[in-house]
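Here are some notes to read alongside the model.

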Amino acid sequence: MTMKNVLSGVNSMNKLLFTVMLMVALFAVFLAEKLYAQPTTEFVFINGSVAYRQRIAMPPDALLTVRVEDVSRADTSAAVLAETRETFGARQVPIPFSLKVPSALIDPQLSYAIHATITVGDKLQFTTTRHYAVLTRGASNNVNLLLDAVQSAPPTTPTPIATNASTSLVGLTLPATFVGVTPCADCPGIEQTLTLRADGLYHLRRVYQDKPNGMFTELGRWTTDASGKRLTLLSGSNMSLLEVKDNATLRQLDRLGQPIASVANLDLSRTAQVDPINESLHWRGEFLYLADAAMYTDCASGVRWPVAMTGDYLTMERNYLQARSATAAPLLVNFKGRLDVLPAIEGPPSEQIVVEQFGSSEPGATCSSLSASKDSVKAQLKDTYWKLVELNGTKVTMAPTQQREVRITLASEGSRVFGFSGCNQFTGAYIHDGSALRFTQMAGTRMACLSPLMELENQVIKMLSAITAYRIEGERLILLEGDQVLARFEAVYLR
């Protein structure tokens, strides 16, 4: 083979190798371009609109703020994943919005919600008071927000609401309704609606977000301290304390009436409209029928109303005539009813109580005797809210970090039990036969809590699994293992 042939062969191989390398390089570029062109999943978009019911036009400089917040923990401020801020300009509600949330910030195990506000200058005018879940747990990412008005202090001097100093609130005009979403130990938040009336009556509705059967209401009497700046809500054994910050804001206090050190929201803000107290509630108080007129005095609030002679009124009157201790003596009654403004026998229409369904009477008992001794009547095992007051011989009190009391309720339908064990919600079944009682099929959420709540929960679950019997002494439920007392509960009457 000549040198010329050898060189020719080498050149051919070099050309082939170069061609192959060039093709590989071009393919790599092509592949990179294709990969880069694939749709990205770096962001999740949330779209919706903001509106409110009131026929109020916002000025052009009104600022709409919409944000996505991590609402998984109640003991810390909500982390903001995305936010948009824009002025109204020439627009009015409904106003559309779009938020772009980085996918890397989304944890499928956590809960997220949309929060929106409308401000004019430094004044808050509208805000979300409902829970609008997004991103996880099957929530939709298309949401239409309905905001509630927040009423600021009126320019006029507040009018006196009572002559009794114990029911006088400094700088606060009544009636008024306050709303807000406050921390919850094991749910996204608690939607609270509090209505205060000048006669000392209050109505409180709590909705535990994302909880089945999570709405509780109570009716009672509010009072204040000597300064008129600390508000006490009292209904049976239920007590809440709040600070009157100004005519537009109330702030929750701890059980000792001290400020709570927390970055979470603890405020309830006044709404433009007063929430009427007209829903059906369970009532317990004194009924009196005399001279063709009937009156009812509520034990929880002490407020007195005429009784409308409609609905199930005749059943209550007949029971009164049979069960009263003497002529013109009051009779303690239980019934389902509502407040309504109706025509009066004489004079203008007045607020009256309507008996929708008569329940029962308690001869010999009065509101005063209930206050003096809770053992004067006997609570029912089923369909009663039982609050834990003693466990294994030790009195149970609320820890500073505890948001809800330990409780159980045995539902009459389906023989189901549910409650709160200190850190988590639980549910299960029960078997009831005479004085025998057992809890089975117990299950609950699995949120971790700090000490001492986890220790308390472990003791509660262990106690419930050991129960074999019970007895009721007045308003106390005593749970037993054989003859040994494991726990004592107290009846709480939720309205």
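The points below cover a helix, its aromatic neighbours and some hairpins.

1. A word on the basis: this is a predicted model, in which local features need pLDDT of at least 70, side-chain atom pairs count only at pLDDT 80 or more, and totals for chains, interfaces and linings use all residues. Residues are numbered from 1 along each chain as its sequence is written, and side-chain values use heavy atoms, with hydrogens and water left out.

2. Do have a look at helix 2 (residues 313-323), where Tyr313, Met316, Glu317, Asn319 and Tyr320 are buried (under 20% relative accessible area, with exposed over 50% and partly exposed in between; 1.4 Å probe, protein chains only). Viewed down the axis of helix 2, these buried residues fall within an arc of 165°, so they line one face; the arc is that of the directions from the helix axis to the C-beta atoms. Arg318 and Gln322 are exposed, on the face turned away from the buried side. Helices (H or I, at least four residues) and strands (E, at least two) are DSSP runs, numbered from the N terminus.

3. What do the buried residues of helix 2 pack against? Their partners are strand 17 (281-290), strand 18 (293-298), strand 20 (331-342) and strand 21 (350-362), with contact meaning heavy atoms within 4.5 Å.

4. The whole structure has 6 aromatic pairs (rings of Phe, Tyr and Trp, the last by its six-membered ring, with centres within 6.5 Å; planes under 30 degrees apart are stacked, over 60 edge-to-face and the rest tilted). Trp283 is buried at 2% relative accessible area, and Tyr296 is buried at 1%.

5. For Phe287 and Tyr320, the ring centres are 5.4 Å apart and the planes at 80°, so this pair is edge-to-face. Phe287 belongs to strand 17 and Tyr320 to helix 2, so the pair ties together parts 33 residues apart in sequence.

6. Further along, strand 25 (residues 416-420) and strand 26 (residues 425-433) pair antiparallel over 5 bridges; pairing requires at least two DSSP bridges. Phe418 has Thr427 as its bridge partner, and Gly422 in this hairpin takes a positive phi near 120°. Strand 26 is also joined to strand 27 (residues 436-444) by 7 antiparallel bridges, with Gly434 in the turn at a positive phi of about 65°.
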